[in-house]
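Good morning, and thank you for coming.

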Amino acid sequence: MDEMGGSTGHRASSGRTTSGLVRLQDRLASVLITSGGMAVLLAMLGICVFLVVSAAPLFAGGKLLGEIARYQIGDASPAWMSVDTSFDRLIALDDDGIFRVHDLHSGELLTQQPALENSEIPASINPEAGEGWLTITTDTGAFELVRPALTWEPVEQADDAQSELTENGSFVQSFEDGSLRRWTLDIERKGPFRLSDTALAVDSKGKTQRERSFAAIDNIGLVTGRLSGRRALGGKVRFRVSIDDFGLDAAALGGIPDWVFATGDGRWVYAVWKSGRITAIDREATDAALRILEASASDGAPSIPITTAVMSLGSQTLLVGDAQGGVAGWAVYGKPERLRQRLHQRIGTSAVTMIRPGDRDRTIVVGFADTSAVMFNQLSRKRIVTVHPDNFAPLASVAGSPGSDAIVLVDTQGTASVFGVEPGHVESSFAALFGKIPYEGYDEPVYVYQSTGSASAEPKYSLVPLIFGTLKATVVAMLFAVPLAVLAAIYSGEFLSNRVRKYVKPTIELMASLPSVVLGFMAAMLVAPFVRDQLPRVLVLAATGPMVVILAAHAWRMIPRNKRARLGPAGQFAMIVLATVAGVLLAIPAGGTVERLFFAPGSGAAPSIRGWLDGDFGGPMPGWTIAAFPITAALLLLIDATLLSPMWRSATRRWRNALGGLGAHAIEFFRLLFNLAAAGVFAYIVASVLSAMGFDPRDSIFGPFSQRNTLVVGLIMGIAVIPIIYTIAEDAIRSVPGSLRSASLGVGATPWQTAVRVVLPVAASGIFSAIMVGLGRAVGETMIVLMATGNTPEMSLNIFSGFRTLAANIAVELPEAPTASTHYRVLFLCGLVLFAMTLVINTSAEFVRQHFRKKNAAL
Amino acid sequence: MNRQATKTQTHKERSTPPSAHGEPAVWLTGSALITCLALVVVTMFIIASNGLVTLWPRPIERITLRSGEILLGLPMGSEQFTPAEQDSQRIAELVAAGDLEQAGEDGTRTRLRFRLGNRDIGRDAFVWVPEYEIVSRDRPEDAVLVERDEWGIFIGVPEAVIVRTRSTESASSQFNPAGTLSTEFGTGPALREVVGESDGIRTVDSAVRIAQGPAETLETYSEIHGSFAKRRARIRALQKSEIPSVQDKLAAIDWRVRRAQMDTDIKPSRVTVPVWIGVAMSSVGLGAVGVGLLRRKHVTPLIAAVRTLCVLLAIAGAMFAVLERPIARGGVSTERLAEVVAQADAQRQDLRAQGDGLLAEIRTLEAADETVRLEIIDPGLSRFAPAEQSRPDTPMRLSQARRLIQSNTLGFSGRVRLYLTRWWDFLSRPPGESPGDGGVFPVIVGTVVLTLLLTVTVVPLGVVAAIYLREYASQGIVTSAIRIAINNLAGVPSIVYGMFGLGFFCYTLGGYVDAGPGEAAIGGMPWWTLIVTLILVFALAAALSAVGADRGPVKGGNGLWSKVARSVSLWSWLGCAGLAGYLIWTTPYFGGFFAEKLPQQPTFGTRGILWAALTLALLTLPVVIVATEEAISAVPGSMREGSLGCGASRWQTIRRIVLPAAMPGVLTGAILAMARGAGEVAPLMLVGAVNLAPTLPVSGDAPFLHGDRTFMHLGFHIYNLGFQSPDAEAARPLVWTTTLLLVAIVLGLNLFAMHIRSRLPSRGGGI
């Protein structure tokens with residue numbers, strides 16, 4: 001720290017001493033500057049730490065707060081129960097057929113009401129998660145739909161009669177601020193509906209308010225049908241039972257199933273046997289042979305005995321628990337439709353005895369034979385907490401609170417145990433954020449980003465589409481920017497006179513400071529409509545530009561040397577300008593020609609490349625040809641320059657001997673034309689092969705055209721990064737020692753050979769790091785992407801479609817995300833991923849630069 | 001091609017094949033450079049031309065269509081288009097009727113774009129008119145363009161100025177429904193209407209046409225417009241600033257009462273105010289004694305010990321003063337609360353009376369404003385510009401027309417004058433009600449304040465960090481790691497800084513300022529043990545520094561003991577600072593400065609200009625550090641050695657020799673940071689830029705600079721106006737102007753930085 005000696009003449013030889021104040025100042029400055037410097041650097045590293053800290057809770061499990069209450073809730077044990085939303089009441093349907101409301105913390109019985117109209121005893125209960133309906137069957141062969149609901153109204157005075165009020169299902173609760181509320185337990189009922197004289201197990205699920213489907217098993221077999229409601233006189237809805245015209249008896253089913261469930265859409269009925277067999281019955285199948293879909297081993301069917309089954313939230317997925325502690329999710333989906341396994345996870349060690357699906361999200365509570373229970377999320381596969389109450393009889397019922405902040409367990413002796421939970425972010429896990437998830441409503445596991453959700457369509461937070469969008473935009477931008485910037489840097493570093501360079505470089509650098517919001521605005525307002533209107537011309541420009549320039553260069557070489565010399569470097573520069581302009585101008589007619597040749601629908605209608613992209617007409621050929629041409633051309637030129645070069649050289653020599661200098665140029669010219677023609681032919685061949693194999697580019701790199709697309713963003717983002725790449729690459733080229741150039745020229749190399757074989761290899765590390773810096777900039781660019789794309793998080797390679805990048809996603813969604821919610825943290829994770837990407841890019845650039853600097857140090 | 005090439009050719013022509021010259025490749029590279037340059041030039045040209053042309057007064061054209069419809073509009077250019085199917089039929093009919101020539105080979109037709117205005121009477125802002133539908137185009141001299149504050153421009157023909165008055169007369173006199181009346185503004189024919197009659201008095205409303213026809217109307221307008229504009233300005237000032245100010249004061253009173261109520265819950269401090277003041281004063285005194293002792297030339301061990309003790313006690317006292325509850329939060333007694341409430345009630349009454357007075361003034365002024373009306377007629381729709389869209393039968397008030405422009409009779413100098421006036425309006429006025437008009441004054445103020453705040457923050461930090469890196473830190477693995485970190489952070493996307501700003505500055509730091517540490521105070525530890533630990537660590541650090549530093553003629557020996565002592569002391573100091581920060585952060589006595597407004601109205605715990613400036617400061621820190629470091633390293637080592645050799649201390653050397661020499665570099669860094677800050681948008685979207693800020697971040701009320709307020713920013717304004725506004729089409733011309741302004745500012749700053757940099761002493765002096 002102190003190699004320079006801060007308090008200089010502390011006690012100098014002359015005997016004079018430095019004033020204490022000066023020393024204090026020096027000391028203070030040293031402390032302040034050191035701590036200030038350190039603080040600045042720490043603050044910058046703090047960003048990384050803050051991002052990590054903000055995103056980390058996404059991956060953490062839940063926290064168990066311990067058993068917060070234990071009490072006896074009565075002699076009867078509940079067959080089903082639910083925790084009220086405000087987390088202080090427990091509604092239990094006991095096996096004597098009575099709904100009882102208890103205070104969750106004390107266990108005090110607040111009120112009770114019989115579940116069924118005639119106070120019958122239920123035989124089986126099937127809940128409909130999320131909707132609150134319970135399908136309850138009785139021993140008399142009827143079933144009834146029941147929905148308990150707690151409502152409240154403010155009251156003035158508690159009066160006398162809490163016990164009296166309990167009679168009609170209400171109770172009064174006082175709050176700390178002295179206000180009173182009267183809570184009422186209302187039971188909504190539909191039915192009873194009579195199907196048979198014997199005992200039944202029935203499940204019913206609602207499609208709409210007025211239409212429900214049901215499935216029932218009795219001792220003969222399976223009965224399915226629907227309940228349809230009609231508004232009767234007096235506004236009351238009456239339901240009528242209609243039974244499907246097919247019946248499945250035990251023989252057809254292969255035995256009486258132990259559980260049966262109807263799906264919410266009314267089409268499927270799932271039948272489950274304790275042996276482990278699961279089938280799906282298609283109620284809409286017209287052919288009896290196709291009616292029953294059997295779960296097969298290839299779809300993950302287990303041979304383990306099934307111990308419990310229930311329908312998940314949304315009434316699409318069947319959840320089964322097995323004897324080994326595993327939980328599996330089953331549903332009919334995919335193409336072709338089959339009964340497939342969505343989920344299989346072993347989450348406990350003993351047999352699963354019950355599964356209680358969540359009413360708000362896909363978090364379930366699973367009870368086990370060893371009296372433990374696990375809170376588990378179906379989508380993130382995250383085991384949130386495990387609870388294991390001491391001294392507990394076998395579980396009778398389990399329930400989680402709607403916000404996943406409590407688990408209630410009741411044993412067969414009526415002992416209730418309440419556990420508090422801090423659930424954390426149940427929907428996010430590494431698998432959910434980066435993996436394919438089998439969401440309901442999709443044919444296969446997918447990467448989806450969709451941050452708004454509802455009870456049945458949960459928010460989907462896969463970052464993969466965003467990362468894909470980021471990379472797609474970056475790659476297209478770099479494809480455009482890197483060649484232009486690096487070639488420009490070579491010219492201005494090697495061939496441009498200092499006088500001109502002095503003006504050229506700052507002009508391009510000025511462009512680097514152009515705010516990206518301006519570029520984004522121009523992209524959306526000017527470039528996007530321009531590209532839409534002039535698409536063939538813009539695409540063709542990529543070929544005509546370089547071609548015209550190259551041809552012009554050949555033509556220039558054919559001018560006799562003395563005439564060229566008269567024009568001088570300025571003349572040559574002017575010629576290059578002219579050639580470039582000509583290349584651009586040529587694109588105008590050439591674009592139309594290409595469109596007419598390749599993209600005409602044939603029936604005399606106007607040729608339209610956008611029509612072809614939309615798939616209105618035409619085959620895959622033109623697209624493949626155009627996509628293959630640049631690749632074959634580059635390959636052929638490369639092969640030509642390396643393998644065939646000696647052949648051409650001898651040919652050149654022969655022609656020069658025969659015809660003089662002009663002949664040599666003619667052969668060069670011919671060589672170029674030959675290469676291009678060959679490239680065209682090869683491209684055609686490649687295209688034919690690919691087309692014959694049945695590939696269509698419109699499924700991958702091309703596709704329907706949307707105005708704000710990847711190409712536009714690539715062009716504008718390219719413009720944004722060109723100056724950065726250019727400046728750094730140019731500096732790298734200029735910093736190559738002049739002695740190397742002199743030596744190379746001295747031994748007879750041409751300036752071009754010097755540039756390519758001597759200067760470029762030395763400057764390569766600098767150029768690489770220039771490209772990496774540009775890449776880093778493109779990855780994080782926000783405004784251009786935000787303004788020039790539709791910001792749809794889709795994953796397609798199509799360069800004419802929109803996308804959404806990580807940065808744009810943050811900009812769009814962060815202002816609306818509630819602090820510390822899952823969404824907020826997912827956005828911080830986006831930021832962290834972005835940070836990590838740029839970190840890797842920049843560090844590798846730095847690393848390469850350091851490495852090559854050492855290597856080149858000898859020069 | 002340069003000279004060398006020609007030289008090589010002269011000798012080696014024969015054996016050099018043409019491919020060796022790589023002419024096509026060289027041309028390609030040249031062409032790439034030209035393309036890059038062209039991109040720059042074209043971009044700048046587009047921005048400049050679009051931005052400059054927007055405010056230029058265009059002529060008003062009257063277009064008569066084949067359908068007989070008449071449009072008055074500003075021509076905005078033309079384009080070729082391919083007619084749609086129904087248009088093709090129409091064209092075919094016209095061609096068949098011989099009214100139209102056959103189209104060219106490609107079947108395209110010309111169409112013209114007009115800006116129409118008059119949106120409040122149902123016109124589109126812009127229309128495309130196919131050329132073949134136009135019968136005639138001309139530029140009527142009496143057409144005017146009306147600039148208004150609401151609903152954008154209106155184009156029409158001025159028809160009349162009407163004064164509406166109410167008068168009373170005796171009911172017995174004969175009622176004269178028409179006649180000539182004179183008003184304070186002029187005399188003209190009147191239409192009179194009886195609106196009430198009672199007690200023999202008749203109340204009559206008269207509409208007096210004091211000007212009739214375009215010329216007269218314009219003349220009258222220019223005569224009397226001034227006083228109306230003044231009155232309008234007064235009304236606006238009342239509505240926009242004076243009444244809100246009264247409302248703000250009322251709200252502040254409510255908050256004060258709430259604060260007092262909250263503070264009654266707090267137990268009074270155990271430390272009485274005199275004790276607190278005593279401790280604070282004595283720590284200041286001890287500090288002064290300690291500093292005074294430093295001036296002693298001969299230091300005996302006793303003096304050194306006393307000195308250290310003084311400083312220690314001073315710092316302990318200061319910690320106590322900071323951590324102990326500040327005087328203002330010493331709990332509020334119920335009597336005091338009653339007093340506060342009573343006082344608040346009195347103030348409220350005063351303010352309400354004041355507010356009523358202002359409202360009455362507005363009513364009076366508006367009544368006067370209502371009297372004079374201006375009739376400007378859209379000849380196509382034969383409707384006049386209404387006062388409000390909901391009152392189509394009432395002509396606009398004269399004061400609603402900010403300016404009447406008779407575009408077609410304006411000479412060139414008039415146009416130039418108008419153009420400049422419009423630029424001035426654009427720069428000095430707030431945004432209008434509709435996105436297409438108004439100015440950017442608050443936007444510029446927001447941008448400037450933000451940029452200045454950012455510069456004030458980032459420059460000291462950056463310079464300190466650069467000095468540390470160049471002059472203090474030993475050059476080794478640590479510094480090169482730090483340099484890599486800085487390089488990396490320069491490449492971190494700006495949106496990530498925005499997230500950090502939102503999460504850390506706004507929510508964490510701002511939340512702390514608002515509400516204090518809340519429940520999250522020190523865990524189970526007795527609080528005083530931490531202070532004791534702090535003092536012990538501090539003493540250790542001080543002692544070790546003394547041991548490590550004050551030995552031998554050269555500061556700090558190179559012995560092992562000194563080295564260990566120095567490094568331990570450094571860590572102790574760091575620990576000390578960390579512990580002190582933690583203590584301050586978790587002090588249970590700090591209840592936040594603005595807790596009374598929570599949770600409805602966070603003050604600093606939300607987005608605001610201060611946090612935006614800090615975020616951008618962090619973002620631009622690498623720029624300043626790199627520029628300053630470069631400049632410092634360019635200061636020749638000989639200058640430093642000379643200074644040190646003359647006996648200056650290190651700090652003196654830095655302050656008097658190094659920093660002045662490096663000043664241009666620091667300035668360059670600052671300007672580059674400003675340019676970056678002015679042009680950055682993405683992070684601002686997250687930390688405080690808004691579409692329409694109700695107030696400026698600076699004002700005449702204390703504390704003058706309001707760090708908690710949201711603000712408007714040029715870059716965000718472009719994004720917002722061009723993409724988020726309901727009528728993006730109408731807003732586009734102004735977006736171009738705003739873009740030009742932003743680009744001019746950013747590029748100007750960059751050019752300035754380049755200019756300064758070019759005058760920097762070239763590197764190579766070395767150390």
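Chain B of this predicted model has 20 helices and 15 strands in its secondary structure. Helices here are DSSP runs of H or I with at least four residues, strands are runs of E with at least two, and both are numbered from the N terminus. As for conventions, residues are numbered from 1 along each chain as its sequence is written, while chains are lettered from A and ligands numbered from 1 in the order in which they are written. Because the model is predicted, local features need pLDDT of at least 70 and side-chain atom pairs count only at pLDDT 80 or more, whereas totals for chains, interfaces and linings use all residues; side-chain values use heavy atoms, with hydrogens and water left out.

How much of chain B is buried? Of its 767 residues, 47% count as buried, where buried means under 20% relative accessible area, exposed means over 50%, and partly exposed lies in between, with a 1.4 Å probe and protein chains only. Let us also consider contacts, meaning heavy atoms within 4.5 Å. Among the contacts in chain B with a separation of 6 or more, 73% come from residues 24 or more positions apart.

I turn now to the interface. Chain B contributes 101 residues to the contact and chain A contributes 118 residues. Between them the two chains bury about 10,600 Å², of which 75% is on carbon and sulfur atoms. Buried area is the accessible area, with a 1.4 Å probe, that two parts lose on being put together, summed over both. Helix 3 of chain B (residues 23-53) supplies the largest share of the side that touches chain A, namely 21 residues. That side of chain B divides into 65 nonpolar, 27 polar and nine charged residues. In this count Ala, Val, Leu, Ile, Met, Phe, Trp, Tyr, Cys and Pro are nonpolar, Asp, Glu, Lys and Arg are charged, and the others, Gly among them, are polar.

Next, the interior. In soluble globular proteins, nonpolar side chains tend to be buried together. A nonpolar core is a set of buried Ala, Val, Leu, Ile, Met, Phe, Trp, Tyr and Cys residues joined through side-chain atoms within 4.5 Å. The largest such core in this model has 214 residues, and those with the most contacts inside it are Val517(A), Ile725(A), Met783(A), Leu814(A), Ile495(B) and Tyr719(B). Helix 10 of chain B (residues 441-472) gives the largest share of this core, 15 residues. Which residues does Ile495(B) contact, leaving aside its neighbours within four places in sequence? They are Thr782(A), Ala807(A), Ile810(A), Ala811(A), Leu834(A), Ala682(B) and Leu686(B). A second, separate core has 23 residues, including Phe154(B), Ala190(B), Ile210(B) and Ile224(B).

Thr220(B) is located in helix 5 of chain B (residues 214-264), and it counts as buried because its relative accessibility is 9%. Not counting residues up to four places away in sequence, Thr220(B) touches Val161(B), Ile210(B) and Ala211(B). Asn675(A) belongs to helix 13 of chain A (residues 661-692) and, at 5% relative accessibility, is also buried.

Finally, charged pairs. Side chains of opposite charge can pair when their charged atoms come close. A salt bridge is a side-chain nitrogen of Lys or Arg within 4 Å of a carboxyl oxygen of Asp or Glu.

One salt bridge joins Glu188(A) and Arg147(A), at 3.4 Å from N to O. Glu188(A) is in strand 10 of chain A (residues 180-194) and Arg147(A) in strand 8 (residues 142-155), 41 residues apart.

In a second example, Glu509(A) pairs with Lys505(A), with their closest N and O atoms 3.6 Å apart. Both lie in helix 6 of chain A (residues 498-512), four residues apart, about one turn of the helix. Glu509(A) is partly exposed at 22% relative accessible area, whereas Lys505(A) is buried at 10%.

In chain B, Arg232(B) and Glu366(B) form a salt bridge at 3.9 Å, N to O. Arg232(B) lies in helix 5 and Glu366(B) in helix 8 (residues 334-370), so the pair ties together parts 134 residues apart in sequence. Both belong to a network of salt bridges that also links Asp369(B), Glu370(B), Arg373(B), Glu388(B), Arg391(B) and Arg397(B).
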